[in-house]
Amino acid sequence: MGLIIRSSSIHAAGCYTTTPIRKGTRVVEYTGPRISKELADEKYQDSPTTYLFGVGDGEQVIDGHGTAMFVNHSCAPNCQTDEIDGRVWICAIRDIAAGEELTYDYYLYDGDEDEALCNCGAAACRGTMYAPAEIKRRQRIARKEKRRKLARKP
Ligand SMILES: [Zn+2]
């Protein structure tokens with residue numbers, strides 16, 4: 001399998017395959033040191049970009065290092081992540097042609113940004129990289145916040 005990193009129309013750099021990949025293939029492992037979520041929050045509190053991947057119950061994260069961290073988010077991805085025996089793999093969910101950019105849906109949660117804008121260009125683009133459940137959670141919080149603000153007015 002030939003994976004290359006080059007500039008992407010989605011975001012900065014992306015990961016492309018130079019050879020066709022069959023559906024179901026484990027394409028690349030999400031590698032990097034495993035650290036606690038607490039430590040990661042501390043380490044990256046002032047950093048706009050992180051490549052953290054929650055594993056297991058989310059108390060541990062992989063501090064991404066290597067090819068997999070260049071795989072961009074898409075709302076209509078050709079890969080997904082699978083946790084297999086404690087290791088995280090980016091696996092093809094359809095046949096992928098040579099020259100295609102690899103993508104998976106980040107389903108972000110617990111982020112600091114108000115909105116993690118998505119520019120994937122898919123017809124079904126959510127406009128954000130947050131997971132649908134996380135979007136709902138944030139909307140609930142925003143509504144409560146609004147009510148509180150309204151209530152504070154004299
Ligand atoms: Zn999108």
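Me: What is the bridge partner of F53 in strand 6?

Reply: The bridge partner of F53 there is I62. A strand here is a DSSP run of E with at least two residues, and a helix is a run of H or I with at least four, both numbered from the N terminus. The model is predicted: local features need pLDDT of at least 70, side-chain atom pairs count only at pLDDT 80 or more, and totals for chains, interfaces and linings use all residues. Residues are numbered from 1 along each chain as its sequence is written.

Me: What makes strand 5 and strand 6 a pair?

Reply: Two strands pair if DSSP finds at least two bridges between them. Strand 5 and strand 6 have four bridges, in the antiparallel sense. So they pair.

Me: Why are strand 4 and strand 5 called edge strands?

Reply: Three strands form an open antiparallel sheet in the order 4-6-5. Strand 4 (34-36) and strand 5 (52-55) each pair on one side only.

Me: Why is R147 called exposed?

Reply: Count the other C-beta atoms within 10 Å of its own, placed from the backbone: 20 or more means buried, 12 or fewer means exposed, and in between is partly exposed. R147 has 10 such neighbours, so R147 counts as exposed. R147 is found in helix 2.

Me: How do you know that helix 2 is hardly covered?

Reply: Count its buried residues. Among the 21 residues of helix 2, that count is zero.

Me: What span is expected for helix 2, and what does helix 2 reach?

Reply: The expected span is 1.5 Å times one less than the number of residues. Helix 2 (residues 132-152) has 21 residues, and 30 Å is expected. From first C-alpha to last, helix 2 reaches 30 Å, close to that value.

Me: What makes a set of residues a nonpolar core?

Reply: Its members are buried Ala, Val, Leu, Ile, Met, Phe, Trp, Tyr and Cys residues, joined through C-beta atoms within 7 Å. The largest such core has 20 residues, with V27, Y30 and I90 among those with the most contacts inside it. Strand 9 gives the largest share of this core, three residues. Apart from this core lies another, of five residues, including Y106 and C120.

Me: Which residues is I90 in contact with, leaving aside neighbours within four places in sequence?

Reply: Contact means that two C-beta atoms, placed from the backbone, lie within 7 Å. Among the contacts of I90 are V27, V71, C79 and L102.

Me: How many helices and strands does the chain have?

Reply: The chain has two helices and ten strands. Buried residues make up 21% of its 154 residues.
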